[in-house]
Amino acid sequence: MSVRLVVRTLSELCITVGALIILFVVYFLFWTGVKAADAAEGEIDTLRSQWAREPVAAAPPPPSPSASDSASAEPSAPAPEPSPYRDGKPFATMHIPRFGSGWEWPVLENTEVRTLQKGLGHYSGTARPGGTGNFAVAGHRRTYGDPFKDFPKLRPGDAVVVNDGTTWFTYRIVKEPHRTVPTDTAVVDPVPRGSGFEGVGRYLTLTTCEPEWGSSHRLIAWAHLDATRPVSEGKPPELAG
Amino acid sequence: MYGWIWRHLPGNAWVRSIIALVLLLAVVYALFQYVFPWAEPLLPFGDVTVDGASAGGAGVGQ
């Protein structure tokens, strides 16, 4: 009798654990994507309404496009230091045509777990979009909407377009994704190591995990600023059509 | 375990079924809302940053 009870309890436990595991997989593969899509959309909406509401706050930065107009000879663009980005808040949108024409994700300040669940994360302390130095951004490759799922497909010349509410910044990927170890923080340095860049410039670094479902390595992509365009002039040609 | 719960639910078979269903949904909700979000960063899939100390979670980048 008691043997029967033990066996029954054991089988019930096994079934429960199995159900738990299946539920977790559903959560992990499916539900995080639903949550992230929802959150990212919310962040982009926040950003858009913020940009629509505060054209005044958007006014000061115009020195930067004018500075870039006068060829990259004048590196004093970020001189009128704008207010710092707020932790965990969105401040720009990113578009990568290589990942699909509708690929649009918000870029949020800092790279904490909770931030990366809502969009891409900007490494605090690295440059701003279009700024001198390295604008470094991290994103999930899998789960939470898979923003960087197609990361290995990036090729030299691919556009990475960033909109900070006043300006479209078009960066160009310079080489195929680079594989490195998680401790290699030099890849987000102002002049990233391994990128082939020499000297100070306006760079962009994207990081994600490698392998796709693992965490033993990181994939890195570098780009340099190619063009800027005031938002008032409409989308850059890379995003048209 | 499940037999024990079933025996302790009130009402007839229909009422018990409904209560069991509600209980099940409550458990699934709690898992998705609280347990899984807590457990998920303990797995390594979220590590997408270069940060020097990569143990657990995405960590804070430089």
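Q: Why is the pair Arg48(A) and Glu104(A) called a salt bridge?
A: The closest N and O atoms of Arg48(A) and Glu104(A) are 2.7 Å apart. A salt bridge requires a side-chain nitrogen of Lys or Arg within 4 Å of a carboxyl oxygen of Asp or Glu, so the pair qualifies. The model is predicted: local features need pLDDT of at least 70, side-chain atom pairs count only at pLDDT 80 or more, and totals for chains, interfaces and linings use all residues. Residues are numbered from 1 along each chain as its sequence is written, chains are lettered from A and ligands numbered from 1 in the order in which they are written, and side-chain values use heavy atoms, with hydrogens and water left out.

Q: What makes the pair Arg48(A) and Glu104(A) a tie between parts apart in sequence?
A: Arg48(A) lies in helix H1 of chain A and Glu104(A) in strand S2 (residues 104–109), so the bridge joins parts that are 56 residues apart in sequence. Helices (H or I, at least four residues) and strands (E, at least two) are DSSP runs, numbered from the N terminus.

Q: Are Arg48(A) and Glu104(A) buried, partly exposed or exposed?
A: Buried means under 20% relative accessible area, exposed over 50%, and partly exposed in between (1.4 Å probe, protein chains only). Arg48(A) has 43% relative accessibility and therefore counts as partly exposed. Glu104(A), with 23%, is also partly exposed.

Q: What makes Glu212(A) and Arg142(A) a salt bridge, and where do the two residues lie?
A: Their closest N and O atoms are 2.9 Å apart, which meets the salt-bridge rule. Glu212(A) is in the loop between strand S8 (202–210) and strand S9 (217–230) of chain A, and Arg142(A) is in the loop between strand S4 (133–138) and strand S5 (159–163), 70 residues apart. Glu212(A) has a relative accessible area of 26% and is therefore partly exposed.

Q: How do you know that Glu238(A) and Arg172(A) meet in a salt bridge?
A: The N to O distance is 2.4 Å, and the side chains are accordingly listed as a salt bridge. Glu238(A) sits in the segment after S9 of chain A and Arg172(A) in strand S6 (residues 167–173), 66 residues apart. Over all chains, the search finds 11 salt bridges; Arg141(A), Arg179(A) and Glu210(A) are linked in a network of them.

Q: What makes a set of residues in this model a nonpolar core?
A: The set must consist of buried Ala, Val, Leu, Ile, Met, Phe, Trp, Tyr and Cys residues joined through side-chain atoms within 4.5 Å. The largest such core has 34 residues, of which Met94(A), Ile96(A), Phe135(A), Tyr171(A), Leu204(A) and Leu206(A) touch the most other members. Helix H1 (residues 2–53) of chain A gives the largest share of this core, five residues. Apart from it lies another core of 13 residues, among them Leu116(A), Tyr123(A), Tyr203(A) and Val50(B).

Q: How is the area buried between chain B and chain A defined, and what is its value?
A: Buried area is the accessible area (1.4 Å probe) that two parts lose on being put together, summed over both. Between chain B and chain A this is about 2,800 Å², with carbon and sulfur atoms giving 67%.
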